[in-house]
Amino acid sequence: IARVAVILAAAGSGSRAGHGLPKQYRALAGKPLIRWTVEALRRHPQIGDIVVVVDPALAAVAATLLDGTAAGPFVAGGSDRQASVLAGLESLAALAIPPDLVLIHDAARPSTSPATVDAVIAALERADGAIPALPVVDTLKQGGGGRITGTVPREGLFRAQTPQGFRFPAILEAHRLAAGRLLTDDAAVAEAAGLTVALVAGEEENFKVTSAQDLVRAERALLNRLP
Ligand code: CTP
Ligand code: MG
């Protein structure tokens with residue numbers, strides 16, 4: 001059975017959500033957001049190490065908020081998400097026995113289901129990578145300055161979520177090659193290296209907390225989750 005590690009990207013500053021403390025460390029429904037995220041992942045029995053990539057200035061805060069969840073090690077992140085993920089991958093590469101598979105996940109997504117994790121892991125039997133995604137349902141407009149300039153067909157377009165799963169050696173090499181390119185998800189890094197990436201069904205509940213409004217929406221959802 002494959003050994004599965006997680007890289008939890010938690011080194012962002014949460015500027016769009018506002019407030020002093022980055023969103024992943026804020027309390028929602030009585031628990032830090034990042035703790036909800038780790039507990040959601042821990043519901044899947046195949047997940048082993050959870051490497052938490054953090055801003056070094058907040059490493060002690062993160063460790064305290066995750067006390068008792070067996071998350072760690074804590075690794076220093078970079079100035080953009082891609083650099084943070086690469087730091088996490090390098091820490092796994094330095095292990096005596098690196099994992100077979102790695103799931104790269106946003107700390108700001110607290111409501112990932114075991115079914116989604118299952119689907120991503122299962123798809124890695126037939127592809128180098130796999131991501132959960134949802135079909136775009138809104139009509140897409142091109143425009144600027146308050147005017148429409150065109151309509152983009154939404155057929156075949158998806159909204160990418162995390163956890164994004166990969167065969168570990170393949171994504172490590174892809175990330176090393178793509179360093180500094182500012183790609184916005186790990187599937188894009190994999191695509192740039194020519195890896196095959198499968199799409200599996202995402203879930204609306206697995207949304208990323210981005211804005212202050214999302215914090216309210218997430219809290220409402222988490223209040224309904226069983227401990
Ligand atoms: N992230 C990271 N390292 C960075 C930037 C982001 O590990 N240098 C993480 C965030 O902590 C978050 C995830 O990547 O869990 C998704 O990024 P995003 O939602 O953009 O979070 P932030 O970058 O923190 O927020 P913002 O862009 O609003 O500043
Ligand atoms: Mg960001």
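Here is a short chat about the predicted model shown above.

Student: Before we start, what should I know about the numbering and the model?
Tutor: Residues count from 1 along each chain as its sequence is written, while chains are lettered from A and ligands numbered from 1 in the order in which they are written. It's a predicted model, where local features need pLDDT of at least 70, side-chain atom pairs count only at pLDDT 80 or more, and totals for chains, interfaces and linings use all residues.

Student: OK, how many helices and strands are in the protein chain?
Tutor: Seven helices and twelve strands, taken as DSSP runs numbered from the N terminus (helices: H or I, at least four residues; strands: E, at least two).

Student: What does the C-alpha trace span?
Tutor: About 55 × 40 × 35 Å along the principal axes of the protein chain.

Student: Switching to Ala190, where does it lie?
Tutor: In helix H6, residues 186-192.

Student: Buried or exposed?
Tutor: Ala190 counts as buried because it has 26 C-beta neighbours inside 10 Å. The cut-offs for C-beta atoms, placed from the backbone, within 10 Å are 20 or more others for buried, 12 or fewer for exposed, and partly exposed in between.

Student: And how far is Ala190 from Ala174?
Tutor: They're 16 residues apart in sequence and 5.8 Å apart in space, C-alpha to C-alpha.

Student: Now ligand 1: which residues come nearest?
Tutor: Ala9, Gly12, Ser15, Arg16 and Ser84, out of 22 around ligand 1; a residue is near if its C-beta atom, placed from the backbone, lies within 6 Å.

Student: Which elements supply at least two residues of that shell?
Tutor: Strand S1 (4-10) and helix H3 (81-93) each do.
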